[in-house]
Amino acid sequence: MNNYLEKLEYNKILEKLSTYAITYLGKDYCSQLLPSDNKEIVKNMLKETEEAVNLLYRCNTPPIYEIADNTINLKILESYGTLSIKSILELSNILTISEKLKKYFYAEHVKSEDFEILNLLFSELYLNNSITEKILNSIIDENTIDDNASKELSNIRRKQRNIEQDIKSKLNTYLHSSSYSKYVQENVVTIRNNRYVIPIKEEYRSQIKGFVHDISSSGSTVFIEPVSVFELNNEIANLKIEENLEIEKILQNLTKLFYPYIEDLKRDICIISQLDFIFAKAKYSKNFDGITPIINDDKKIELINAKHPLLDQNIAVPISLTLGEKYSSLVITGPNTGGKTVTLKTIGLLTAMACSGLNIPATEKTSIYVFDKIFADIGDDQSISDSLSTFSSHMKNIVDIVNNSTENSLILVDELGSGTDPVEGASLAISILSHFRMNNILTVATTHYQELKKYALVTDGFENASVEFDINTLSPTYHLLVGVPGKSNAFEISQKLGLSENIIKVAKSNLTKKDVDFEELLKNIYDNKSQIENEKIEISKELEKVSNLRKSLERDNSKLLEQEREIINNAKINARTILLDAKEEANEIISKMNNYSNSNSELNNLRNQLNKTIKDISISVPDNETSSRNSLAINDAKPNTEVFVTTLGQNGVIVSNISKSNEVQVQIGSMKMSINIKNLEKLKTSNNKNNSTVSYNSVSKTRTAKSELNIIGLNVEEAIFVVDKFLDDSYLAKLETVRIVHGKGTGKLREGIHKFLKTNSHVKSFRLGTYGEGEMGVTVVELK
């Protein structure tokens, strides 16, 4: 990292970013992140950050866990060596994490095509379930191989357990024998030098024939292996050797599983660390509610409500400015500790972050240019050992900046020309800024020199700015006022702090009339600008209120339209039901007419039945309802008037006065609508509240119910309505089994019907048709 980025405290940004990474490789990516001077690379880095942020809002945090450093493990694989149990588990962990990450990204609720860059990374992850399952079944932990890792290992360990049991049984005879109990120090079987022994009191060691393997620190206890278990212990030792050889063989076989996939493992490790880094950027962005800045081609910086990323975002004061559009050099003035340097660092840090692919704390439409270099001369680099004064250290940096900057660089200079004679320092500062301006370099500089304020006022390409200072509280507000040169406020601050008025008067008299006039001009500009900024804030608040009100009205209107569509859809469903009933009746009568084609009396009876059915299923409107409505006159369009809405076929109540366009607000249930009075009819008062009810007389299907229903061509909502009625008719007709023909198609209609059948009270069970019944295109339903 270069010295200029350190002056901006870019290293602290990387330190914070690293805390959001999980793997050691992800943290390395974070700590080595630097701004790029390639526009396409920057755009790509910002896009991957934006995609990760969007994915975090849609899903939980991705399942990334710490991974071990597998460098040595991979080298062992490349040399065809054998891995330890721990190393095998570490490599298996890579495959396990890859599998979990792939399941995370390709879950049903994630549309992978929405994440172009992330999709490329996730799709490249290598999976091998056979290896992970084999390892899972063979290894218990990093110290233990499972008995079932091989048949031979299982047999060896079974023999070990049997012999160990025999040894313990024989040793327990010593511990619990009345003859030997007085020799035993403690009733416990223990192990010394990998051989089973018993603790015997030192004075009785000669009473037990065997081998002494250890003596206690006090010397009072000896651990003896009785002769009776010597051969058994030898067998255990031999089995241990066999076990270790078999474990080595198992480890070799498990290691060989990885040999063909060394490159795949390397790629998985690289992708996991990249994803960890990308999601660290996303989590860091969420921490300060960052936005993805626009990368422009116009060589400008446009910050909108931008905040310093290292400050508490709840109290940091946002700044807004546009550099590179109307001016290329910005001169910021104001009192010490007023926020000039913070503003300088904010501009530099946010630019560096954006060029590093990081989101920034600002509002939408903030725009950044990709600079080839960012130069910053901030702070005091004086050095006693190098014999550098404050001025010399600053000038050394300026020389480097002048020699190495280009027209595509960004230059940030704090207290330009300070640390020397004010007249010479101001003149030098003006000359340096003019050089940067002539080379078309975007520059931001802070100063206390009045000469620079004047120069910026009268020179094209320059603009003044200041940080606001509250005289009443003697404290800065940190607001940046672009277009206003800052006032020193020296006299006002001194007076507030209690300095004698006589001294202040003398000080003022020492100023030339030219200086006084200039300060008075600055005061007027400053006061006017402050007033304008306050008014802009008030206007912004009012505009926000208007915007919220407009959105609220749009939501209400959308709700009304949705309710209107719902009424129309319900009417269509009712009409379709009537048509379906009529169609069924017509089919039944045509069928009977074919059966009784030779009998006139039967045909007449069927004709009468059809006429009666048509009369029953038609919508009947009582005469007294029609007579209870009259056209609505303009004088009658008053609040609380009951009306009939002819376009909707619904009753309502007027709740507003008539408008110039002859419209009134009508309350229909919980819905309010604006309706022209030509579409309203006045209702007469009636005690019978049921007059306006539209009645439907259903025709019983008990004796004519069919056992099959064809719903091909309907959508799920329409089909459910028809199936529900069909099941009711079939249940009343006491049919045991019915068939629903829905076709094969995409399967959505079948799934929707099956979901409905699970909740229907008439359904006992259902299944798909078998061969000869229609198979996947038919559902057979058994009724209760």
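Visitor: Is Tyr180 buried, partly exposed or exposed?
Guide: This is a predicted model, and the answer rests on the computed accessibility of the residue. Since buried requires under 20% relative accessible area and exposed over 50%, the 30% of Tyr180 falls in between, so the residue is partly exposed.

Visitor: Which parts of the chain does the pair of Tyr183 and Tyr204 tie together, and how many residues apart are they in sequence?
Guide: The rings of Tyr183 and Tyr204 have centres 4.9 Å apart and planes at 40°, so this pair is tilted. Tyr183 counts as buried at 11% relative accessibility, while Tyr204 is partly exposed at 28%. Tyr183 belongs to the loop between helix 9 (151-176) and strand 3 (190-192), and Tyr204 to the loop between strand 4 (195-201) and strand 5 (210-215), so the parts tied together are 21 residues apart in sequence.

Visitor: Over the face of which ring does Arg192 lie, and at what distance from the ring centre?
Guide: A charge over a ring has to be within 6 Å of the ring centre. Lys286 lies over the face of Tyr57, at 4.6 Å from the ring centre. For Arg192, the ring is that of Phe223, and the distance from its centre is 4.1 Å.

Visitor: Which strands form the edges of the open sheet of 6 strands?
Guide: The sheet has mixed pairing and the strand order 12-13-14-10-15-16. An edge strand pairs on one side only, and this holds for strand 12 (374-377) and strand 16 (475-482).

Visitor: Which helix packs on the sheet, touching strand 10, strand 14 and strand 15?
Guide: Strand 15 (residues 462-470) is joined to strand 16 by 5 bridges, and the two run antiparallel, with Val467 standing opposite Leu480 in strand 16. The helix in question touches strand 10 (329-333), strand 14 (442-447) and strand 15, and its direction makes about 130° with that of strand 15; it is helix 15 (residues 450-458).

Methods. Residues are numbered from 1 along each chain as its sequence is written. This is a predicted model: local features need pLDDT of at least 70, side-chain atom pairs count only at pLDDT 80 or more; totals for chains, interfaces and linings use all residues. Side-chain values use heavy atoms; hydrogens and water are left out. Buried means under 20% relative accessible area, exposed over 50%, partly exposed in between (1.4 Å probe, protein chains only). Rings of Phe, Tyr and Trp (its six-membered ring) pair if their centres lie within 6.5 Å; planes under 30 degrees apart count as stacked, over 60 as edge-to-face and the rest as tilted. Helices (H or I, at least four residues) and strands (E, at least two) are DSSP runs, numbered from the N terminus. A charge sits over a ring if NZ of Lys or CZ of Arg is within 6 Å of the ring centre and within 35 degrees of the ring normal. Two strands pair if DSSP finds at least two bridges between them. Contact means heavy atoms within 4.5 Å. Axes are lines fitted to C-alpha atoms, for helices over the stretch in contact, and angles run from 0 to 180 degrees between N-to-C directions.
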